[in-house]
Amino acid sequence: APASSGDWPRSRCRAGSGPGAPRDSGPGRRWLLSTPIFYVNGPPHIGHLYSALLADALHRHRGLLGPGSGRLATGTDEHGLKIQQAAAAAGTAPSELCSHVSGLFRDLFFRAAVSFTDFIRTTEPRHRRAVQCFWAALQGRGLLYKDFYEGWYCTPDECFLTQAQITERPDAQGRPCKVSLESGHQVHWTKEENYMFKLSEFQEPLRKWLQGNRHVISPEPFYQVVLRWLEEDLPDLSVSRERNRLQWGIPVPGDSTQTIYVWVDALVNYLTVAGYPDAHHAWWPAAHHVVGKDILKFHAIYWPALLMAVGLDPPEQIYVHSHWTVRGQKMSKSLGNVVDPVACFKQYTVDGFRYFLLRQGVPERDCDYYEEKVIKLVNSELADALGGLLNRCIAPSINPSGIYPHFSESCFRKGSDHIDVEASGRALAEDYELVASVDRLPLQVTDYFEHFQIYKALESVVACVRQTNGFFQRHTPWKLCRDNPAEKCWLDTVLHVTLECLRIYGILLQPVIPATADKLLSRLSIKPEERAFTDLTFLPRYHGKPCPFEGRKLGPDMGALFPRLETPRGHQMEIKGLRP
Ligand code: MSP
């Protein structure tokens, strides 16, 4: 029987989805993370990179739980009218355009250290087979019918729009033209015979699914948006185009006059990478999709409905992010303000730019990119606060033996009332606050990652880095005399606590700045197998446990942890108003 009987969810309530419960974590848990697959009608920009980095950071963070239980898929969306037209405009064959631009995305993600485990192209045979099987499953369940579709189509967005979703604006020549209210792209009236999917039958099942899974779409405001959409009419969806208009796509099985709608084709990529139609059960529905807000409807309404229609569970999680603007303006080819991520890597380094996007990107709202902001943030937080801290506590002048120094319990006593100097050795009340903050940090960071608030995770790491700088500054270890045994004991303890803080920050920053974190941890002589969640016990000696790092020879000096970025000269003049 068709799965559209309104009885969703069947077995969909995830364990641990209640408030405060750990979500999707824990060893042995599987996840199939995905980025959207990217259109190949133009080269990648920083918005695309942001989608991929969010997914990469989540993937790497979960990887800290232990290897082998997760995958990250990305790739390119290569069919459709938009690509057909872009190839025609460029005077090239669609297949050539696709290979070229798909290569640009793949190359970008390699450079950006996006840790994908699969890169899918929708022109691959494995995907064609998956889409055709999916189509046959829809048809077999009686959920497709042929009808005359009449309405507005927006090719740049590859979507159908209702009258309420369009408006009229003058085009470049001042002639009135119909455009999408949301994207501003031009729409065209389309009238043709298509296959229609009985989407309307899924309104109630979708509602039930969402009501039973309050955390399935995050952040929460986007969940509310989807619920509101479901209060409106949900018309059936045209899922094919006449082949004489759209040749660049997967043909409808058994009907050579029709091509499968590019969004059905694209969404099925998530099943293809899971091994559909033969081997997806090991991974489905452990799908966690990262998507931009512009494609939320496709992922939170069409996709779950299509899955229910073929008897599969909807994805476990949809993470939604907002958009990047450039100096307050939407990025667009016509404005000429599209920012090339490869140029950003050259200017700010890969980790510098990864850090900027993930630290400044707030999923709930659009964020603005401009050069001075990147330079200021990265210099202040990576070069000065983090790099400076490492530099200060590891320099040969302060630690001539070059070993992970010893911690002394008599200098830094464990206890609850630490105001009394005698009882606490030389540690002060603020020092105990630092220990408490860093002790709390791993869980805090994990919680923020799991709620898709990576920027907040970074904010809390930076707050601790600053607290540690304060600790170091407070005790002026450079003034302590190594020849005096009591002072040496305290000096080593101050250095030990600082290195322990840095070790925790290094482990927690791996998902965001993997190369810098590696450099930091290597300098501290932390082995690759000592960099997981289970190694996040902070200051074990303070907690009465042995510390495996004490007395260990530190790693070689590889220079500054993070290079300070220079403001291009022209810009300095512009900022100071010196430009003539
Ligand atoms: N091909 C579809 C997705 C199909 S997934 C089954 C598509 N491609 S896209 O290339 O246009 O967009 C890919 C991702 O990039 C989307 O998540 C989109 O939100 C994101 N971004 C595109 N421009 C963006 C910004 N300016 N800022 C942030 N992300 C943006 O949609």
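Guide: When I say H or E with a number, I mean DSSP runs counted from the N terminus: helices (H or I) have at least four residues, and strands (E) at least two. Keep in mind, too, that this is a predicted model.

Visitor: Got it. Where does Glu 158 lie, then?
Guide: Glu 158 sits in the loop that links E5 and E6. Its phi is near 50°, which is a positive value in a residue that isn't glycine.

Visitor: And how many bridges join E5 to E6?
Guide: Three bridges link strand E5, residues 144-154, to E6, and the two run antiparallel. Within that pairing, Cys 154 is opposite Cys 159 of E6.

Visitor: What order do the strands of that open sheet come in?
Guide: The order is E6-E5-E9-E11, four strands with antiparallel pairing.

Visitor: Which ones are the edge strands?
Guide: Those are E6 (159-161) and E11 (237-238), and each of them pairs on one side only.

Visitor: Okay, moving along the chain. Which strand does E12 pair with?
Guide: Strand E12 (residues 240-242) pairs with strand E14 (residues 255-260), antiparallel, over three bridges. Arg 241 has Thr 259 in E14 as its bridge partner.

Visitor: What about E13, how many bridges does it have with E14?
Guide: Two bridges, again in the antiparallel sense, with E13 covering residues 251-252. Here Pro 251 has Thr 259 of E14 as its bridge partner. E13 and E14 make a hairpin with two residues between the strands, and Gly 254 in that hairpin has a positive phi near 80°.

Visitor: Switching topic: is the peptide bond from Tyr 276 to Pro 277 cis or trans?
Guide: Cis, with omega near 10°. Pro 277 belongs to the loop between helix H8 (269-272) and strand E15 (287-292).

Visitor: And the bond from Trp 284 to Pro 285, cis or trans?
Guide: Cis as well, with omega near 10°. Pro 285 is also placed in the loop between H8 and E15.

Visitor: Zooming out, which domains does the assignment give?
Guide: The domain assignment lists domain 1 as 31-321 and domain 2 as 371-543. Their C-alpha centres are 44 Å apart.

Visitor: How many residues does the contact take from each domain?
Guide: Domain 1 puts in 15 residues and domain 2 puts in 13 residues.

Visitor: What area is buried between domain 1 and domain 2?
Guide: About 1200 Å², with 78% of it coming from carbon and sulfur atoms. On the domain 1 side, Arg 60, His 61 and Leu 64 supply 50% of the area buried against domain 2, more than any other three residues.

Visitor: How many salt bridges are counted between the two domains?
Guide: Zero salt bridges between domain 1 and domain 2. There is one residue pair in polar contact, with both residues at pLDDT 80 or more.

Visitor: Which elements give two or more residues to the domain 1 side?
Guide: Helix H1 (46-63) and strand E16 (317-321). H1 gives the most to the side of domain 1 that touches domain 2, with six residues.

Methods:
Residues numbered from 1 in each chain as written. Predicted model: local features only at pLDDT ≥ 70, side-chain atom pairs only at ≥ 80, totals over all residues. Heavy atoms only, no water. Domains from an automatic or database assignment. Contact = heavy atoms within 4.5 Å. Buried area = accessible area lost by both parts, 1.4 Å probe. Salt bridge = Lys/Arg side-chain N within 4 Å of Asp/Glu carboxyl O. Polar contact = N/O pair within 3.5 Å; in protein donor to acceptor, adjacent residues only side chain to side chain. Pairing = 2+ DSSP bridges.
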